[in-house]
Amino acid sequence: MMEYKGYIGIVEFDAESKIFHGDVVNTRDVITFEGTTVDEIENAFTESVDDYINWCKAEGVEPERPYSGKFNLRLSPELHKEVAVTAKKMKISINNFVEKALKDELATVNY
């Protein structure tokens with residue numbers, strides 16, 4: 001994993017082609033990069049992010065910013081009720097309850 005200007009790149013190695021290829025994963029826009037060495041893939045990543053930002057500027061559009069910290073969550077009415085009641089019992093907001101649950105779950109994931 002690599003990070004540059006808030007954009008996160010994930011790299012994979014294609015053994016058959018002997019090439020590294022990567023994607024920026026924290027934006028809906030498609031930003032890809034590739035190289036044959038570690039230095040090349042790192043340079044390609046930063047160049048791709050810079051190219052994307054420059055392209056947006058030239059087109060007069062705002063680059064998609066990596067994760068604002070907001071997302072919509074759809075739940076069944078039953079689960080929504082259970083979350084709301086449990087959060088109320090814990091004397092925290094639904095947002096804090098969900099954030100805690102997500103952090104707890106992420107702490108158990110082994111990459």
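**Exercise 1. Find the buried residues of helix α1 in this predicted model, and work out how they sit around the helix axis.**

Step 1. Start with the list: Ile41, Ala44, Phe45, Ser48, Val49, Tyr52 and Cys56 are the buried residues of α1.

Step 2. Now look down the axis. These residues span an arc of only 130°, so they end up on the same side of α1.

Step 3. Turn to the other side of α1, and you'll find Asp39, Glu47, Asp51, Lys57 and Ala58, which are exposed.

Step 4. What do the buried residues of α1 pack against? Their partners are β1 (2–4), β2 (7–14), β3 (19–24) and β4 (32–35).

**Exercise 2. Work out which residues form the largest nonpolar core, and what α1 gives to it.**

Step 1. Gather the 11 members: Met2, Tyr7, Val24, Ile31, Phe33, Ile41, Ala44, Phe45, Val49, Tyr52 and Cys56.

Step 2. Check where they come from. Helix α1 supplies six residues, the largest share of this core.

Step 3. Zoom in on Val49. Skip its neighbours within four places in sequence, and its contacts are Tyr4, Tyr7, Val24 and Ile31.

**Exercise 3. Describe the largest pocket and its lining.**

Step 1. How much space lies in the largest pocket? About 300 Å³.

Step 2. Pick out some lining residues: among them are Phe71, Leu73, His80, Val83, Asn95 and Leu102.

Definitions and conventions
Residues numbered from 1 in each chain as written. Predicted model: local features only at pLDDT ≥ 70, side-chain atom pairs only at ≥ 80, totals over all residues. Heavy atoms only, no water. Buried < 20%, exposed > 50% of the residue type's maximum accessible area, 1.4 Å probe, protein only. Helix = DSSP H or I, 4+ residues; strand = E, 2+ residues; numbered from the N terminus. Arc of directions from axis to C-beta. Contact = heavy atoms within 4.5 Å. Core = buried A, V, L, I, M, F, W, Y, C linked by side-chain atoms within 4.5 Å. 1 Å grid on protein atoms, 1.4 Å probe; cavity = no way out; pocket = protein on both sides within 12 Å on 5 of 7 lines; lining within 4 Å. Points joined across faces, edges and corners; volume = space filled by probe spheres on them.
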